[in-house]
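Let's work through a few exercises together, one step at a time. Have the structure open beside you and try each task before reading its solution.

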Amino acid sequence: MFRKNKIILSSLFIVCSIQVFFAQVTITVPAGNPPTNTVSVTNTEHRKPLGTYFGYERTALIYKHSEIGVYGQITSIAVYCDSIHTPGNVPLNLYVKERTDSAFTGLTTVSSEEAAASLVYSGTIPSASFIKNQWVTINFTTPFSHTTSSPVEFIFETNATGAGNEGVSGKFFTHYQPTTSYYTSQYWNADNTAPAGIGVTLSNNRPNVQIVVTASSGCSGLPNAGMPTATNDTICFNTSFLLSLQGASSATGLTYQWQDSVAGSTSFTNISSANANTLLTTLTQTTWYRCAITCSGQTAYSTPKKIILRNFMKCYCTNLGGGCSNNTAIDSVAIETTSLANGLTGCSSNNYILYLASGNTSTTLLRGHTYTLDTRFNGNVAASFWIDYNRNSLLEGTEWKQICTQSPSIYDTATVGGVFTFGIDSVFRTTFTVPTNAQMGLTLMRVRSRASGNANDSSTVCTSFGSGETEDYYIDLEDVLSIQQNAYDKYQVTIYPNPANNIINVETNFTKKQTINADIYSINGSLVSNTNTTNTQSGIQFDVSALPAGIYFLKIATNDFSTTKKIIITK
């Protein structure tokens with residue numbers, strides 16, 4: 001249906017919305033269907049882009065702007081079904097982005113293709129939608145703004161899970177052979193888990209498509225900058241996320257400049273090279289973002305968007321795999337001269353466990369001190385451990401230490417110094433030193449085992465293993481006792497009201513402005529709240545209204561001081 005937006009003119013002034021749409025246009029690529037250059041392709045390619053023979057299939061398709069032909073809001077894409085044989089439902093995620101090049105120069109990963117792409121559809125296409133010799137249309141939940149002459153890429157994710165839900169010929173789609181010889185299509189597949197490696201095919205064959213665009217004119221007047229939306233409003237440290245604009249003008253001739261501010265929703269500065277209608281970035285602290293959109297010298301600013309740095313304790317990777325059936329479990333973990341002494345544990349459920357921050361599964365370590373970690377395993381493993389000294393959730397290579405690349409069990413025998421020995425010592429003693437600049441407060445220690453002969457090193461902290469076990473422990477990092485005692489004598493912390501209902505006030509006699517970390521633990525040692533703030537003369541307030549009634553412990557820590565206070569919350 002032909003549609004136009006009305007523009008109201010005044011003899012005194014002109015109020016222009018830059019979002020002037022001409023019409024809804026349907027573009028068929030290639031023109032006409034079926035095309036004269038329909039090609040016979042393999043079953044693998046014939047299934048693209050909506051096959052579910054594998055549990056997880058991925059297809060990326062690139063189209064030049066000259067093929068699309070118009071600027072505006074892309075609202076749907078359709079593919080032509082030419083054959084069915086008991087097709088399966090298609091759980092689908094569809095992403096779209098503009099890219100700088102019009103072809104794949106080599107095989108890549110799905111994650112690299114989806115970087116800076118916008119999720120435009122997430123849902124399930126029922127099997128009944130697949131009818132021979134008919135289009136299958138995917139209407140976007142969120143239209144995609146195509147405002148530049150850059151090529152457009154569509155990335156289809158089908159997620160039937162397991163080993164798929166249809167036969168190899170469940171549904172096929174018409175493909176054509178373009179006149180160009182460069183690669184415009186890429187495909188990935190895997191059973192049981194999403195493909196993480198590079199694609200399995202590159203091709204210049206693409207399925208027939210119909211792309212619907214609500215076309216727009218060139219820009220004029222003051223644009224509408226809309227409101228930024230994010231893939232997630234709470235982001236872990238150094239994790240990529242995508243910002244896009246909702247309700248913004250769509251037209252040719254627009255320019256974009258993303259800005260950020262850590263001081264609040266004011267005092268924004270330009271972000272270098274952030275000149276597209278989307279922004280892919282990472283977060284190191286809570287930050288506000290906005291986008292400036294300009295047309296013919298007139299600039300509008302989007303509503304500011306706050307992206308919160310997530311509590312680092314909730315950001316550790318935990319999808320770690322493993323399997324103890326081949327005697328690769330962690331049997332005992334202890335740190336000598338401390339309260340951490342967790343023994344004879346066997347294999348935990350799902351090969352992973354996070355122990356509470358209490359009793360024999362936690363301890364306090366002092367900065368600058370050297371300790372000995374004792375570990376034992378119930379078979380031949382490669383093992384490593386990490387302590388997150390800078391408390392950023394990344395467990396980096398500088399925070400890693402190898403325990404062993406192979407380990408004996410208590411029943412092993414060996415020739416030691418020419419003497420045959422039975423029942424050799426199966427406990428590994430690994431020394432480590434807590435850095436003097438380690439961040440004080442509760443942090444994570446991770447111990448991982450894996451069958452010997454496999455990599456278990458500084459780069460595998462988040463790798464999904466096929467054997468072994470992972471155990472996580474909460475460790476409290478503190479300063480040396482002598483410095484702590486001086487700090488306790490010097491600093492005072494007052495908490496009121498206590499008991500409290502909704503708000504807890506904290507007053508200190510700190511003479512300088514400094515960052516304060518506040519952790520609240522339940523009576524069983526679980527971390528329930530974490531806040532980083534700056535002390536002021538008026539004191540600090542903590543909102544505890546979301547916590548159930550009970551006894552808790554509030555730990556206040558700066559760079560050279562920490563103290564723990566018991567608090568009671570009533571309702």
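This is a predicted model: local features need pLDDT of at least 70, side-chain atom pairs count only at pLDDT 80 or more; totals for chains, interfaces and linings use all residues.

**Exercise 1.** Decide whether Arg429 is buried or exposed, then find its salt-bridge partner.

- Step 1: Exposed means over 50% relative accessible area. Arg429 has 56%, so this residue is exposed.
- Step 2: Look for its partner. Arg429 forms a salt bridge with Asp374, and their closest N and O atoms are 3.9 Å apart.
- Step 3: Arg429 belongs to strand E32 (residues 427-433) and Asp374 to strand E27 (residues 370-377), so the pair links distant parts of the chain, 55 residues apart.
- Step 4: Check the partner's surroundings. Asp374 counts as buried, at 17% relative accessibility.

**Exercise 2.** Which parts of the chain does the salt bridge between Lys555 and Glu478 tie together?

*Solution.* 
- Step 1: Confirm the bridge. The closest N and O atoms of Lys555 and Glu478 are 2.4 Å apart.
- Step 2: Locate the two ends. Lys555 lies in strand E40 (residues 550-557) and Glu478 in strand E34 (residues 470-478), so the bridge ties together parts 77 residues apart in sequence.
- Step 3: Ask how accessible they are. Lys555 is buried at 5% relative accessible area, and Glu478 is buried at 4%.

**Exercise 3.** Find the network of salt bridges that includes Arg99.

*Solution.* 
- Step 1: Begin with one pair. Arg99 and Asp101 form a salt bridge whose closest N and O atoms are 2.8 Å apart.
- Step 2: Compare their accessibility. Arg99 is buried, with 12% relative accessible area, whereas Asp101 is partly exposed at 30%.
- Step 3: Widen the view. The network links Arg99, Asp101, Glu113 and Glu153.
- Step 4: Searching the whole structure gives 15 salt bridges.

**Exercise 4.** Explain why strand E3 can be called largely enclosed, and name the strands it pairs with.

*Solution.* 
- Step 1: Count the buried residues. They make up 11 of the 13 in E3, so the rest of the structure largely encloses this strand.
- Step 2: Turn to E6. Its pairing with E3 is antiparallel, over 9 bridges, and Gln73 has Ser145 in E6 as its bridge partner.
- Step 3: Move to E13. This strand runs antiparallel to E3 and is joined to it by 7 bridges, with Ala78 opposite Gln210.
- Step 4: Finish with strand E8 (residues 171-173). E3 and E8 pair in the antiparallel sense over 3 bridges, and Ser83 has Phe172 in E8 as its bridge partner.

**Exercise 5.** Which residues touch the most other members of the largest nonpolar core?

*Solution.* 
- Step 1: The core has 30 residues, and those touching the most other members are Leu50, Ile77, Leu94, Ile125, Ile138, Phe154 and Phe156.
- Step 2: See where the core comes from. Strands that each supply at least two of its residues include E3 (72-84), E6 (134-146) and E13 (209-216).
- Step 3: A second, separate core has 25 residues, among them Ile330, Leu366, Tyr371 and Ala383.
- Step 4: Zoom in on Leu94. Beyond its neighbours within four places in sequence, its contacts include Ile77, Ile138, Phe154 and Phe156.

**Exercise 6.** What does Leu354 touch beyond residues up to four places away in sequence?

*Solution.* 
- Step 1: Leu354 sits in strand E25 (residues 352-354) and is partly exposed, at 38% relative accessibility.
- Step 2: Its contacts are Leu444, Asp472, Tyr473 and Tyr474.
- Step 3: Take Tyr473. It is 119 residues from Leu354 in sequence, yet their C-alpha atoms are 6.1 Å apart.

Terms used: Residues are numbered from 1 along each chain as its sequence is written. Side-chain values use heavy atoms; hydrogens and water are left out. Helices (H or I, at least four residues) and strands (E, at least two) are DSSP runs, numbered from the N terminus. Buried means under 20% relative accessible area, exposed over 50%, partly exposed in between (1.4 Å probe, protein chains only). Contact means heavy atoms within 4.5 Å. A nonpolar core is a set of buried Ala, Val, Leu, Ile, Met, Phe, Trp, Tyr and Cys residues joined through side-chain atoms within 4.5 Å. A salt bridge is a side-chain nitrogen of Lys or Arg within 4 Å of a carboxyl oxygen of Asp or Glu. Two strands pair if DSSP finds at least two bridges between them.
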